Amino acid sequence: MASQKQVHWFPGHMSKALREIEEKLRMVDIVIELFDARAPLSSINEDLEKRIANKKKLVVISKIDLADPEKTKYFKAKLEERYEIVLALDLINPNSEKEIAKAVNKLGEEKHLKDKSKGMKPQPIRTMIIGIPNVGKSSLINRLASRKAAGVQNKPGYTRGEQWIKVNNDFLLLDTPGVLPMNYEDKQKSIKLALTGAIREDILPNSDLCDYLLSFLKGHYPNALKERFDLENILSLEETLRFISTRRGLLKNGEPDYEKAESLLLNEFKNGKLGRFTLD
């Protein structure tokens with residue numbers, strides 16, 4: 001198993017993003033915070049939580065199509081103990097747009113009443129979307145804006161600059177780059193986030209990630225590799241990688257190519273090809 005030392009991952013653009021988020025918070029009525037359903041508790045960035053403590057918050061658990069459905073129900077209930085409104089959504093589904101808009105309108109009722117009390121026409125609700133990298137922020141924006149308003153890539157650090165997006169006449173959305181905490185004292189949490197794609201692949205060795213993943217699957221989803229690789233039982237790391245290498249023809253000079261097998265295993269997990277799993 002991977003050694004339990006702190007993992008540091010805080011590129012310069014994240015430090016800049018944190019400062020800009022703080023600066024723009026005063027212009028925002030509601031914060032929409034995204035958590036990955038495969039690691040919802042590990043997705044919470046306490047550095048961000050402190051900065052948005054006084055704002056109304058809508059939590060969206062994203063990527064539920066990749067997570068264990070029963071675990072998603074459990075963690076939704078747990079998060080509802082901490083946050084006012086929590087939605088668990090497949091952002092590919094068009095209905096997710098209606099659910100988010102309804103929640104934003106509910107959280108924005110107080111603002112609209114204040115506008116009316118001042119004799120003003122209710123102004124658009126200004127929202128900011130935040131979260132760790134690769135949690136689905138761009139997919140959510142594109143769903144709400146019904147267009148390719150934000151770039152979408154399955155890798156961390158893709159969105160770099162803030163941009164206001166008009167969802168409709170009553171709803172403005174401010175996009176922000178994904179931000180991770182300055183470090184993770186618990187390396188298991190950082191491994192979970194690396195497995196979901198929130199932390200860049202070159203930060204932690206693939207062998208550490210595969211070792212953790214296979215140990216986790218063996219304990220919680222023992223049949224996870226049966227359908228995809230025809231592997232009846234999850235074996236040791238080396239034996240499993242050798243089996244996958246042979247099964248998929250990942251060879252180097254006639255011998256199993258363990259590095260390619262590691263990359264294949266991690267990519268197929270991240271893209272949901274092995275099944276629906278929740279790491280938390």
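Buried here means under 20% relative accessible area, exposed means over 50%, and partly exposed is whatever falls in between, with a 1.4 Å probe and protein chains only. The model is a predicted one, so local features need pLDDT of at least 70 and side-chain atom pairs count only at pLDDT 80 or more, while totals for chains, interfaces and linings use all residues. Residues are numbered from 1 along each chain as its sequence is written, and side-chain values use heavy atoms, with hydrogens and water left out.

The secondary structure comes to eleven helices and ten strands, taken as DSSP runs (H or I of at least four residues for helices, E of at least two for strands) and numbered from the N terminus. With a contact defined as heavy atoms within 4.5 Å, residues 24 or more positions apart account for 67% of the contacts with a separation of 6 or more. The accessible surface is about 13800 Å², and 46% of that belongs to carbon and sulfur atoms; these areas come from the Shrake-Rupley method with a 1.4 Å probe, and for residues only the protein chains shown count as cover.

An α-helix has 3.6 residues a turn, so residues three or four places apart point the same way. At the start of H3, a side-chain oxygen of Asp68 comes to within 3.0 Å of the backbone nitrogen of Glu70. Lys63 sits in the loop between S3 and H3, and its phi is near 60 degrees, a positive value in a residue other than glycine. At 17% relative accessibility, Lys63 still counts as buried.

Next come the charged pairs. With a salt bridge taken as a side-chain nitrogen of Lys or Arg within 4 Å of a carboxyl oxygen of Asp or Glu, a search of the whole structure finds 16 of them. One of these joins the side chains of Asp29 and Arg126 at 3.3 Å, N to O. Asp29 lies in the loop between helix H1 (12-24) and S2, and Arg126 in strand S5 (residues 125-131), so the pair ties together parts that are 97 residues apart in sequence. Arg126 is partly exposed, at 30% relative accessibility.

Glu49 and Arg82 also meet through their side chains, at 3.6 Å, N to O. Here Glu49 belongs to helix H2 (residues 46-51) and Arg82 to the loop between H3 and S4, so the pair ties together parts that are 33 residues apart in sequence. Glu49 is buried, with a relative accessible area of 9%, but Arg82 is partly exposed, with 44%. Together with Glu46, Glu49 and Arg82 are linked in a network of salt bridges.

Lys187 and Asp208 form another salt bridge, at 3.0 Å, N to O. This pair links distant parts of the chain, with Lys187 in helix H7 (residues 187-196) and Asp208 in helix H8 (residues 206-220), 21 residues apart. Lys187 is buried at a relative accessible area of 2%, and Asp208 is buried at 17%. H7 itself is mostly covered, with eight of its ten residues buried; among them are Ile191, Leu193, Leu195 and Lys192. Just after H7, Gly197 takes a positive phi of about 95 degrees.

As for aromatics, rings of Phe, Tyr and Trp (its six-membered ring) pair if their centres lie within 6.5 Å, with planes under 30 degrees apart called stacked, over 60 edge-to-face and the rest tilted. The search finds five such pairs. The ring centres of Phe216 and Tyr221 are 5.9 Å apart and their planes are at 50 degrees, so the pair is tilted; both residues are buried. The rings of Phe269 and Phe277 have centres 6.2 Å apart and planes at 0 degrees, so the pair is stacked, and Phe269 and Phe277 are buried as well. Phe216, Tyr221, Phe269 and Phe277 form one aromatic cluster.

Conventions: A polar contact is a pair of N or O atoms within 3.5 Å; within protein, one must be able to donate a hydrogen and the other to accept it, and residues adjacent in sequence count only if both atoms are side-chain atoms.
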